[in-house]
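Hi there,

Here is the structure I promised to pass on. Have a look at it first, and my notes follow below.

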Amino acid sequence: MRILPALVALPLAAQITYPGRTYRPEVPRPAVGRAYTPDAALAAALAGIASAKDRVRVYTYNVTEEGRPQVLLAISSPENLARLDALKADNARLADPRTLSEAEGRALAARNPAFVWLGYSIHGAEPAGTEAALAVAYHFAACQDPEVLGQLGRTVLLLDVTQNPDGRARHLQAVAEVTEGENPSDPQDAQNQARWPTGRFNHRLFDLNRDWVWQTQGESRAKTALFLSWNPQVLADHHEMKPEGNYFFPPGMAPVHQALPAPFGGGWQKTFGEALGKAFDAQGFAYFTREIFDLFYPGYGDSWGCFQGAVGMTYECPSPGGLAYLRKDGDLLTLEARVRRHVTASLATVAVAAARREELLLDYHRMRRERLRAQGAFLLGPGADPGRTLALVRLLQRNGIEVVRTTGAVPSAGLEAVLPGAVPAQIPQGSYLVPLDQPRGGLAEALLERRAAFGPKPSYDATAWSLPLAFNVPAWRAPVRPKVGTEPVRDAADAPLPRAGYAYLVSSGAEGRDRVLEGLLKDGFRGSAAPAPFVAGSRAYPAGTAIFTLLRNDAARLEARARDLAAQAPGVVTAVDSSAVASGPDLGSVKSLALRAPRVGLVMDAPADPTAVGAVMQALLEAGIPFTQLRAGRLAQADLRRYSHLILPDDNGLGAKWQAALGPAGAARLKAYAMDGGVLVAMQGGSAFAARSGVSEAGVSFLARRDEEARLKEKDPKREAAAPPLPERTLTWAQREDQGLQESIPGAMLKADIDGTHPLGWGLNAAEGAVLDSSDPVLELSPGGENPLRFGTGDLNLSGLLPPKLEAKVRNSAYALREHKGRGAVILFSGDPVHRGCAPLTTRAFYNALFFGAYAPQDDED
């Protein structure tokens, strides 16, 4: 009989012991380690630390959607702080070798402090980081020990105290609600069992540690802009992970992105890791390195920091989420123990940066100077949607990447296309040039190339993220920088929208279309969508272009609103004076589809995947589309007739979790909702549920043998699972991990054929495009024949890791399909079309499902 370790209930634990010998009594000492520090107490503790004005400056760099501040503390010696602005300016010069000579760079490295960024609790359900930030801030603000004073003289510390205040507050509230004066160490106690959606995510349910490049969230945009203004040489991001593990710090495991320079893609990580190892050995803390975490995907804090020229590092502490947890090995993991580990890691990081200050600064400057000798550039064409290309350019600029615009055409000879398709004879004037011989050229290369080189095993995250593919923007790589005139990138000059004689048109293929279209529909204007492309005047318009006639609306009010929206989205709205067109269907065609403002119900709460819900919310908010959040557990009681569209997101369980939660009755209700005129939009696990439960006629299968066998058993309870092939049964233990990798697609970009005549394909501006696949369900082609985004029979792999035998399974399947159901429809996406807010091409298909999914012809209007 197995004997479990005794579970204990602890009174509120003692606070941590600070490592210094002497502290200034006038600086209030925060109580850390006893319990989590709520918002008001955190603000008070920071105010106390900030009372050490000779060492501490406080910057509130953002206020979250729930009204909480994000605070950066700059801590250094009084001498450094007195001239902090000058030191910051010198550090910016060091970051850009074009502003100074090599000799001047060496001189600056000899006298300047190193800038060390310490980030805490980017995941709000990893709250020990912020507690450690308080302890570290107090230590450096108040300690009088000579070695600490010496470290302050050689460094400027930048403490991002809590990167996710809203998620942290959600987590702390959940723990506080079940705290009864003692801290049960039972792993099953409510303190240690997170509830949906957990505090890991911010207010919009985004994982902020995946948002460093994409910067979809206000927290991310403010933080990255601040980081770029300081140009730190070190970034250490403090995380927590599963409670049964041990502490992780670098070096990490392969793969490492090939565009990272060796010193900042491994060399310095090893130096810091060795120092942390000695510090942890001295404390008796267990740790590991060279496992799990890598520096391949550029969207994490550590990898993004490395691409910015810093020593980017992830620190991971075991954590239950609650205040005490009895591990299987008998160790008691308390909040105080977690904080001590993070504090130990932070102090060791600062000690290395201080001791190796000049060498670190020289490597930082040298690496950036070497980038100036890089060859090549990327060219981005305006394409069919110049606004989409400009959106990509603005994203690059927010990442600190320099982009200019060409004043002449560039011959295409020798150029390598990133986006599949024919290469034009020349790249037109007005395209965008991204030179690689710039300080952040490595990040530009990583973001714009079609595919990155990696080994046989996938990264910790996605293996494909190419921005031109994700945005569907034409791009080419030049082996050498083209000799062409350039000018700065400027926003297009606002051209006033002329008064229409007949109608205002909203192009379906233009960036910003969705917010304009929703703005007009939400304000009650009546419109229709052109069923096919047409030419009006001298301009060609794609299918799906929205038509708002003066006759069907209050002309004066429509003109005013159209002008207001046109100013917000240049190039989207145009005016025409006649229903007649030069080619294509006239604007009064009876085949045009009626448009109505979507009334959206979004199913959320368990078992929905929080990040999938967050990505849908982000898409709806960005387009200004109102929505109602429907709790999954209350769906049976909800009046679904209120909603024109019902969105069923991923359940992170291939539909099995939705099956368990909704059951046959829930499936029947969703089918009836569609039959009665509603549009069910499901994605990934939601789509798998619809197919498994009979809501959709399309079949579904799964890539992993275990999942597929479970599906087949579900259909036929008497089925006996087939034995795996003999070669698989004779694999060694070490080979079994590799075999598992052959049953999943780790975030690859696959080529999908796009039917531009179908309403789901309207405005996608491509006959084929890249969609992200991450072991999604495989949807059979719809028997009804509406498969507007589908995988063909050829080579599907555009970027990332795609095992050959899985590619064969995905061929001739649907990425997006639509089925008529009575007066309504069911629309399924095999993947997540709005993934992390970073999939513009498929996000437009998602919007199409909302605006055009009902497919009601104009002559069928009630």
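Helix α17 (residues 555–568) lies across β21 (503–506), β25 and β26, and its direction makes an angle of about 30 degrees with β21. Contact here means heavy atoms within 4.5 Å. Axes are lines fitted to C-alpha atoms, for helices over the stretch in contact, with angles from 0 to 180 degrees between N-to-C directions. Helices (H or I, at least four residues) and strands (E, at least two) are DSSP runs, numbered from the N terminus.

Before you go further, please note that this is a predicted model, in which local features need pLDDT of at least 70 and side-chain atom pairs count only at pLDDT 80 or more, while totals for chains, interfaces and linings use all residues. Residues are numbered from 1 along each chain as its sequence is written, and side-chain values use heavy atoms, with hydrogens and water left out.

**The sheet under α17**

The strands that α17 lies across belong to an open sheet of five strands, in the order β26-β21-β25-β22-β27, with antiparallel pairing. Two strands count as paired if DSSP finds at least two bridges between them. β26 (573–576) and β27 (593–595) stand at the edges with a single partner strand each, so one side of each has no neighbour in the sheet. From one strand to the next, the twist averages 30 degrees. Within this sheet, β22 (residues 527–529) and β25 (residues 546–549) are joined by two bridges in the antiparallel sense. Ala529 has Ala546 of β25 as its bridge partner.

**The strands around β5**

β5 (residues 155–160) is mostly covered, with six of its six residues buried. Buried means under 20% relative accessible area, exposed over 50%, and partly exposed in between (1.4 Å probe, protein chains only). Thr155, Leu157 and Leu159 are on one side of β5 and Val156, Leu158 and Asp160 on the other, and both faces are covered.

Which strands pair with β5? β3 (residues 69–75) is joined to β5 by four bridges and runs antiparallel to it, with Ile75 partnered by Leu157. β4 (residues 114–120) is joined to β5 by six bridges and runs parallel; here Gly119 stands opposite Asp160.

β4 is largely enclosed by the rest of the structure, because seven of its seven residues are buried. Ala114, Val116, Leu118 and Tyr120 point one way from β4, while Phe115, Trp117 and Gly119 point the other way. β4 also pairs with β7 (residues 234–241), in the parallel sense and over five bridges, and Leu118 stands opposite Ala236 in β7.

**A buried glycine**

Gly655 lies in the loop between β30 (645–648) and α19 (656–675). Is Gly655 buried or exposed? Gly655 is buried, with a relative accessible area of 0%. Apart from neighbours within four places in sequence, Gly655 is in contact with Gly685, Ala688, Phe689 and Arg692. Ala619 is 36 residues from Gly655 in sequence and 22 Å from it in space, C-alpha to C-alpha.

**Cavities**

On a 1 Å grid over the protein atoms alone, a cavity is a set of points where a 1.4 Å probe fits but cannot get out, and lining residues have an atom within 4 Å of a point. Grid points are joined across faces, edges and corners, and a volume is the space filled by probe spheres set on the points. By this rule there are five cavities of 30 Å³ or more.

The largest cavity holds about 170 Å³ of space. It is lined by 18 residues, and the closest to its centre are Met749, Leu772, His835, Cys838 and Ala839. β34 (768–773) and α25 (840–851) are the elements that give two or more residues to this lining, and β34 gives the most, with three. The lining has 13 nonpolar, two polar and three charged residues. Here Ala, Val, Leu, Ile, Met, Phe, Trp, Tyr, Cys and Pro count as nonpolar, Asp, Glu, Lys and Arg as charged, and the others, Gly among them, as polar.

The second largest cavity holds about 40 Å³. Its lining includes Cys306, Phe307, Met367, Arg371, Gly442 and Leu443, and α10 (301–307), α12 (357–371) and α14 (441–448) each supply at least two of the lining residues. This lining divides into seven nonpolar, one polar and two charged residues. α14 is itself mostly covered, with eight of its eight residues buried.

Best wishes

Technical notes: 1 Å grid on protein atoms, 1.4 Å probe; cavity = no way out; pocket = protein on both sides within 12 Å on 5 of 7 lines; lining within 4 Å.
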